[in-house]
Structure formats: C-alpha cells, structure tokens
Amino acid sequence: MRIVIVTESFPPDVNGVAHCAEQTARHLARRGHEPLVVTPSGPYDPGGEDDAGRYPVVRVPSMPLPGCPRIRVALPSRRLTGVLAAHRPDLVHLASPFVLGARGMRAAARLGVPAVAVYQTDLGGYARTCLGTGGHLAWRRIRAVHAAADRTLAPSSAAARDLVAHGVPRVRLWPCGVDSTRFHPALRDPELRRALAPGGELIVGYVGRLAPEKRVELLAPVCALPGVRLVVVGDGPSAAGLRAALPGARFLGSRTGEGLARIFASLDVFVHTGPQETFCQTVQEAQASGVPVIAPAAGGPLDLIDHGRTGLLVRPCDAEAIRDAVLALEPCRARRAAYGRAGRESVLGRTWTVIGDRLLDHYADVLARRCARSRPAVEGSAA
C-alpha cells in the first residue's frame, strides 16, 4: 500500500503531531508498505533506527511557531498536488490538517484518493486561551476540513465527543502509541535525583511546552510545599514568566531522547496541568516510566488515567486541587509505587506497533468502503 502522510508541523522530538506522523511512517515501512512524508522544511532526519523503518521525505516551506521557534509549521505549498500525483498513493493520511493538510485534502479529492484525517490539536481551545477569541472560526475551519475526509480519527473519547458535537462526521477512535522500551522504570537515575533534589525532596515533574494554554502556573502552590522539588522540562513563550511564578523550581529546558527518558523515570510524581489536551502523550510516557500521574479530569487524560489506580484526576484549572493531590501522594511511597506499576501495565498494550496495526485496520476499512461505494456505478455503466 502506498501512503502519503502530510503533517502540519515538526520536529518529532518536540512536537506531538510530527512525532505521531513519524512513528506512523516507520510502522508502515516496517510492515512492507510505501509511505512518503510531506513535512515542513528544517533539519529533519527521515527514517529510524534501522533500514526497515526508513521512508522518503518531501519538505515544503515553513515558518517558526511564534514564541517557540524550534517548532516549524507548514505554509501552503503548490508542490503537494505534484507530490501526491507522483507517488500515486492508495490513501492520504493528514496529520492535524489545517493549512497544508487542507490543501492535501483538496489534492486527494481531485485525484480521487481517499483521505484519513487525524485530529490532534484543539485549535478552538487554543484560540480562546491565547487570543481571547476565534474559537468559533477555528472550529468552522476544522469542521470544513474534516468533513471532506473519508474518516476522522480522534485520539481520545473526549476529542471524539467534541468533533461530533461540532458536526464532524465519520469519527472513529485511534489513540497515540508509546515507546515502552525507551520510557522505562529501569532508567531511574539516583545520581540525577541527587542533582535535582540534593535534600532528598519528593521530585514532582512537568514535561511539555511552556505556553499559556498549558497552565503551568497552576503548579505555584506545589513549589511552596516543604520537602517537594518541582522540576520543569520544556520551553516556549511562557518560560520567562513561569520562572518568576514558580520560585525554587528547577527549569531544565527542552530535553529529548534518552535524556528525557531518564528524567521521566527519575520523577516521584508527574503532573500535567493543561485542560485542553486531545490526548496528552506525556501522561503515557510518564506511565511507561513507572511514575504516578496527576492530571486534569478533562480531555485525553480521562482515557489514560484510572483514578485511584494509576494516578489521580483533579478538577481542571484548580491549583489547590493539584497541591492536595501531591500532598496525598507525598507520604505514601507504597501507594506511589503501586500507581507506577499499574500505569506501566496499562500502556503495554498501547505500543506503537499495536497502535500502528490498528491504523492499518482503519486504512483497510476506508479503502473497502470507498470500493463498495464505487462498485454500483461501475456495474451500472457496464450494463
């Protein structure tokens, strides 16, 4: 099967949309299919750890994301139609389509190729949070783009409900996968822990982009807890303000690869604060690392966290609720360990191999339905 994957943003090590697209392409190549990835321009190494996971990449013009220049977002490109025509795909996979992906949707329609659109970014929520307006316009655009797809894949139950509520048809569930080998409890590093918390404090960590919609400032009460050390990993437009708002926190900047995996495994508790996550990949990575999780009872975390077994769900945007959850776990080493073990077990069935095969099932179903719709017209013309 020949697949063109169009992604709005990159690079994979700091952007969830690009990371999911990269893992999808690797899985397709390893299963013997022929993916081609269309991605924003920039320093990007296609392929993977082995030749079986390699695939061709076409770069299109891009610009840096305002406030976070490491992330590049695609600009509209006329190259896309030519790329699709040359690759002769059986199906087009659109990762979080909005600008480049919308053009890809139109190109697929002109070529008569089915399209699967993956919804990964709550642009309506981000518009309301960052701009104070524009949520309705963002959803109108999302609805128009996804309504043209043969199938829209939502990463969580909450995201699927939002899509259906806003009039998007043909929605199915497809979560993100996790690398349970890279993110592993065995990477817990005593030396790193001593460097982060020389007094033996409980290490509470946040990993993610530092932007207004992530609401990282809600961790301020955690900073004030005695015997607790807050560690913040990531970068973004809110970094300077957060350094002032979270006195005593250790800011480690952006980390990737094995270094990031060591940090995850060395935490005692992972906290996510953003209420607008369509999935929340960092929750899965913390769980794979054997770390208990605290997150808002909203969006993607509702699917990922079994409250009272793998972690704790708290009221969204409630700093005191986050503080109280940390306080509940702080004296209970055995409880934290039990949550960490259960969290690790919960993600072992969500590796990228398992999730990639589920995606192939979606592809096969879309192609079969497209074929079934076209068959009566063919038979009629033959008669």
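User: Which residues point one way from β11, and which the other way?

Analyst: This is a predicted model, in which local features need pLDDT of at least 70 and side-chain atom pairs count only at pLDDT 80 or more, while totals for chains, interfaces and linings use all residues. Residues are numbered from 1 along each chain as its sequence is written, and side-chain values use heavy atoms, with hydrogens and water left out. Strands (E, at least two residues) and helices (H or I, at least four) are DSSP runs, numbered from the N terminus. From β11, Leu202, Val204 and Tyr206 point one way, and Ile203, Gly205 and Val207 point the other way. Each of these residues is buried, a term for under 20% relative accessible area, with exposed meaning over 50% and partly exposed in between (1.4 Å probe, protein chains only). Because six of the six residues of β11 are buried, the strand is largely enclosed by the rest of the structure.

User: In what order do the strands of the open sheet lie?

Analyst: Strands of a sheet pair through backbone hydrogen bonds, either parallel or antiparallel. Here, two strands count as paired if DSSP finds at least two bridges between them. The open sheet has six strands in the order β13-β12-β11-β14-β15-β16, with parallel pairing. Its edge strands, β13 (250-253) and β16 (311-314), each pair on one side only. On average, neighbouring strands of this sheet are turned by 20° against each other, direction ignored.

User: How many bridges join β11 to β12, and how many join β11 to β14?

Analyst: Strand β11 (residues 202-207) is joined to β12 (residues 228-233) by six bridges, and to β14 by two. Ile203 has Arg229 as its bridge partner in β12, and Val207 stands opposite Val233 of that strand. Towards β14, Gly205 has Phe270 as its bridge partner.

User: Which strands does helix α10 lie across?

Analyst: An α-helix has 3.6 residues a turn, so residues three or four places apart point the same way. Helix α10 (residues 257-266) lies across β11, β12, β13 and β14 (269-271), and runs at about 135° to β11. Such angles run from 0 to 180 degrees between N-to-C directions, with axes fitted to C-alpha atoms, for helices over the stretch in contact; contact means heavy atoms within 4.5 Å. Leu260, Ala261, Ile263, Phe264, Ala265 and Ser266 of α10 are buried. The buried residues of this helix pack against α7, β11, β12, β13, β14 and α11.

User: Is Glu201 buried or exposed?

Analyst: Glu201 is buried, with a relative accessible area of 19%. Its place is in the loop between α7 (190-196) and β11. Not counting residues up to four places away in sequence, Glu201 touches Arg193, Gly227, Val228, Arg229 and Asp268.

User: Where does Thr278 lie, and what does it touch?

Analyst: Thr278 lies in the loop between β14 and α11 (281-288). The residue is buried, with a relative accessible area of 10%. Beyond residues up to four places away in sequence, the contacts of Thr278 include Tyr119, Asp122, Pro155 and Gly300.
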